[in-house]
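Have the sequence and the 3D view open as you read.

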Amino acid sequence: MPDPVRMPYSQLDQVPDRDPEETAEWRASLDAVTKVAGPHRAAYLMRRAVEHTGAPGLAPLETDYVNTIPTAAEPEFPGDEAMEARITAWNRWNAAAMVTRGSRLGLGGHIATFASAAWLYETGFQHFFRGKEDPSSGGSGDQLYIQGHASPGIYARAFLEGRLTEDQLDRFRQEAAGDGLPSYPHPRRLPWLWEFPTVSMGLGPLSAIYQARFNRYLEHRGIKDTSNSHVWAFLGDGEMDEPESTAALALAGREGLDNLTFVINCNLQRLDGPVRPNYKIVQELEAQFRAAGWNVVKSLWGRAWDEVFAQDTDGALLRRLRETPDAQFQTYATRDAAYLREHFFGSDPSLGRIAQGLSDAKLLELFQTSRAGHEPRKVYAAYKAAVEHKGAPTVILAQTVKGYTLGEGFESRNANHQMKKLTGEQFRTMRDLLELPIPDSALDADVVPYAHPGANSPEMEYLRERRAALGGPAPARKVVAKPLPMPADKAFDALKKGSGSQEIATTMAFVRLVKDLMRDKETGKRWVPVVPDEARTFGMESLFPSAGLYSPVGQTYDPVDRDQLLYYKEAKDGQILNEGITEAGSLADFTAAATSYATHGEPMIPFYIFYSMFGWQRTADQFWALADQLGRGFVIGATAGRTTMTGEGLQHADGHSHLIASTNPAALSYDPAFAYEVAVIVKEGLRRMYGPDAEDVFYYLTVYNETKVQPAMPAGEGIEEGILKGLYRFKEAESPAADAPRLQLLASGTAIHWILEAQEILARDWGVAADIWSAPSWTELRRDALECDAARLEGEDRIPYVTRALAGAPGPVVAVSDWMRAVPDQIAPWVEQDWTSVGTDGFGLSDTREAARRHFGVDAQSVVVQALAALSRRGDVKAETVKEAKERYGL
């Protein structure tokens with residue numbers, strides 16, 4: 001081996017060496033060891049020395065490709081291993097049977113993932129996962145993030161427990177009738193079982209970290225003792241490629257979340273092939289997690305390897321294991337003994353000598369079955385080490401074989417993710433391997449049977465005993481109604497009175513409202529402000545000294561602005577979650593708070609306020625998961641609009657978030673024009689989400705940074721109803737002439753001010769009378785109309801609210817917003833009048849508000865021209881009038 005090339009300098013040259021002679025002695029010793037015994041021996045000695053010091057931060061980022069916990073150091077296994085093996089066998093069988101039976105209808109499903117991870121789950125269910133009835137956790141239990149593709153195994157276990165029937169298993173992926181089983185963990189579809197949605201992949205790891213962090217938040221704020229709740233996230237090694245999977249590792253390490261364990265099933269395969277064909281995913285993940293401050297437990301090899309490692313006196317085996325890429329290991333798991341002798345052991349004389357003493361059967365056992373993830377004692381040791389480790393989160397890297405026990409056609413095959421069924425012969429082989437008492441006659445039918453040991457069997461008695469000891473079934477979602485009292489009207493009434501002569505933006509109006517609501521004696525502590533590092537942009541710095549910014553270590557420094565009234569105050573019991581520049585992390589925080597009513601039996605009122613488009617556009621997938629998880633709270637798109645964001649440009653100007661939000665069935669989307677509309681919407685949101693008949697919805701409000709005088713709420717009946725339903729008449733045309741052309745101007749958000757100016761211009765310059773309508777929610781108007789259409793098909797005589805509201809209103813309708821035209825166009829089919837929409841389609845740009853609005857054709861003068869054009873098409877004004885208006889206003 002050639003000598004390593006030494007750099008002419010070292011980073012350590014910048015640090016004074018207090019004893020150069022001692023340093024030289026250490027270097028000389030290492031040089032001698034390297035020369036005589038090789039660099040691996042030198043590295044081994046260095047690791048031994050580092051481990052001996054016990055000093056944190058000295059451990060290498062990568063260790064050898066062996067188990068972290070030697071067999072001799074494993075704790076005593078507390079269970080009946082033979083009994084648990086039988087229970088696991090039943091689960092394996094029924095999971096495969098369920099997917100195979102469903103495949104007759106072309107529904108598919110995933111078999112290989114659970115087959116590889118069965119012991120990872122079963123060991124947890126038997127010995128670690130606390131249920132909701134565990135008194136030490138106060139009804140919270142542990143939070144389990146199940147790998148989505150492993151869901152058939154969880155259904156199989158629920159069937160064994162009696163929580164699911166054969167009929168329900170047969171309705172796997174058949175949900176249209178309302179009583180089927182969803183393909184993956186979907187709480188909205190199966191709300192008594194699933195707590196957390198984990199598909200799309202990558203969202204589970206991110207959510208799990210913020211869930212563990214939120215558990216600490218509840219504890220530190222004195223809302224609930226969550227010290228005995230542990231978060232377990234089951235992940236795939238291929239899933240770790242998703243950016244979200246590793247996005248928050250540093251947060252978990254930095255805050256020492258030892259209430260969190262990642263279990264990564266390292267079967268070395270993703271959907272279409274090896275995870276790291278030419279590299280080693282376990283080593284890569286170990287370095288990544290260690291660098292982020294995690295405790296890493298590698299659980300790779302089964303006990304069959306112990307005697308082989310004992311013969312590796314010169315480290316040749318360790319070197320060979322570490323240098324062999326994952327794709328080659330996959331090949332080893334499918335080849336005969338001769339191939340293994342030649343290609344693995346034949347590379348080094350020392351390895352050849354080891355192989356001489358191993359039988360062919362032993363070689364096959366080593367490479368085909370002996371993985372730590374398939375041995376409950378290894379898994380138990382890793383889990384026990386994880387829950388007992390303090391000061392840092394733990395990741396367990398458990399090596400398995402994808403498709404384990406499913407036979408040669410499945411195990412370690414690239415295509416096994418797409419393989420949805422077993423043949424009759426494969427089921428017979430699987431039965432024999434698992435030693436299940438299923439007769440051949442039961443396998444002669446076209447449909448493979450489900451199997452159960454019997455309700456009073458020893459297996460079931462054991463299972464029930466273990467789950468009772470751990471606090472009942474898991475996973476389980478449990479909601480105990482705990483309605484919150486409505487806050488006093490005072491805070492809402494302040495906005496309803498208007499701002500007098502003061503100009504304020506609707507963003508500030510919302511912040512003022514929430515600040516007042518956070519003072520409420522009953523519910524104030526339950527507000528959870530979540531903001532991704534833009535609090536000052538939204539005028540929220542007034543909350544800093546009063547509510548405090550949450551930090552698990554409090555404030556360990558003297559803030560630079562300590563002498564100011566609104567200084568930056570961090571506290572262990574701080575209320576604000578200021579997440580830094582991460583919308584994904586902020587929404588994960590919001591989700592944990594928004595579902596606390598179910599996870600912990602403690603309803604919290606989160607509001608997540610973000611900058612412009614950077615909520616929905618960046619994290620729409622997470623919003624979908626939020627809806628799946630039945631989250632409740634307020635999402636605030638601040639500094640909204642495509643032309644209101646002066647100077648920010650193409651990637652900041654938001655004209656489409658409401659269109660994205662409209663696709664989410666759980667999102668109630670509003671674009672309020674005035675502060676009093678904000679008050680009415682928030683008050684109704686509190687009632688609907690936190691009242692006696694709480695609904696599983698969340699509110700999305702867009703608010704603006706354009707300061708305006710906020711009017712008082714108009715008097716009269718139906719105003720609040722119109723705000724909530726999405727449309728009401730704000731201002732009628734003043735004393736129009738009897739023969740004046742008439743039309744209706746509709747607007748949402750800040751666009752209301754453009755049409756108010758347009759109303760004046762139309763009356764003054766053209767003798768046209770226009771009524772002004774505020775449309776706080778185009779989406780809610782559309783949803784109501786769709787419900788009416790569906791009801792009419794059932795024979796009901798229901799007319800959409802928007803149709804009734806505009807009934808008899810003279811002239812055409814012109815709808816204006818700071819959004820693309822598709823947003824108001826949602827209601828066009830149910831408007832009987834001639835329809836025109838005006839919006840901000842295209843990319844945003846940097847300029848003044850006036851120039852941007854002229855560019856998009858949404859300023860008051862442009863609206864006037866559009867209104868005249870709509871009247872011209874009806875013959876209410878001359879066609880020449882439109883041309884004259886364009887020339888007058890320089891359009």
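Helices are DSSP runs of H or I with at least four residues, numbered from the N terminus. Keep in mind that this is a predicted model. With that numbering, Asp19 lies in the segment before α1, which spans 20–37.

**A charged patch**
- Asp19 belongs to a surface patch of negative charge, together with Asp17, Glu21, Glu22 and Glu25.
- Asp19 counts as partly exposed because its relative accessibility is 33%.

**Salt bridges**
- The structure contains 56 salt bridges.
- One of them joins the side chains of Arg86 and Glu459, at 3.2 Å from N to O. Arg86 sits in helix α3 (residues 81–103) and Glu459 in helix α19 (residues 458–469), so this pair ties together parts 373 residues apart in sequence.
- Arg86 is partly exposed at 36% relative accessibility, while Glu459 is buried at 9%.
- Arg157 and Glu122 also meet in a salt bridge, at 2.9 Å from N to O. Helix α5 (residues 151–161) holds Arg157 and helix α4 (residues 112–127) holds Glu122, so the pair ties together parts 35 residues apart in sequence. Both Arg157 and Glu122 are buried.
- Arg428, Arg431, Asp432, Asp440 and Asp444 are linked in a salt-bridge network.

**An annotated region**
- An unreviewed UniProt entry gives residues 487–708 the annotation "domain: Pyruvate dehydrogenase E1 component middle".
- Over residues 487–708, the chain is 33% helix and 16% strand, and the end C-alpha atoms are 27 Å apart.

Notes:
Residues numbered from 1 in each chain as written. Predicted model: local features only at pLDDT ≥ 70, side-chain atom pairs only at ≥ 80, totals over all residues. Heavy atoms only, no water. Patch = residues over 30% accessible without salt bridge, like charges linked within 9 Å, V, L, I, M, F, W, Y side chains within 5 Å. Areas by Shrake-Rupley, 256 points an atom, 1.4 Å probe, with all protein chains shown as cover. Salt bridge = Lys/Arg side-chain N within 4 Å of Asp/Glu carboxyl O. Lys, Arg positive; Asp, Glu negative; His and termini not counted. Charge placed at Lys NZ, Arg CZ, Asp CG, Glu CD. Helix = DSSP H or I, 4+ residues; strand = E, 2+ residues; numbered from the N terminus. Buried < 20%, exposed > 50% of the residue type's maximum accessible area, 1.4 Å probe, protein only. UniProt positions renumbered as here; feature names shortened; annotations may be inferred.
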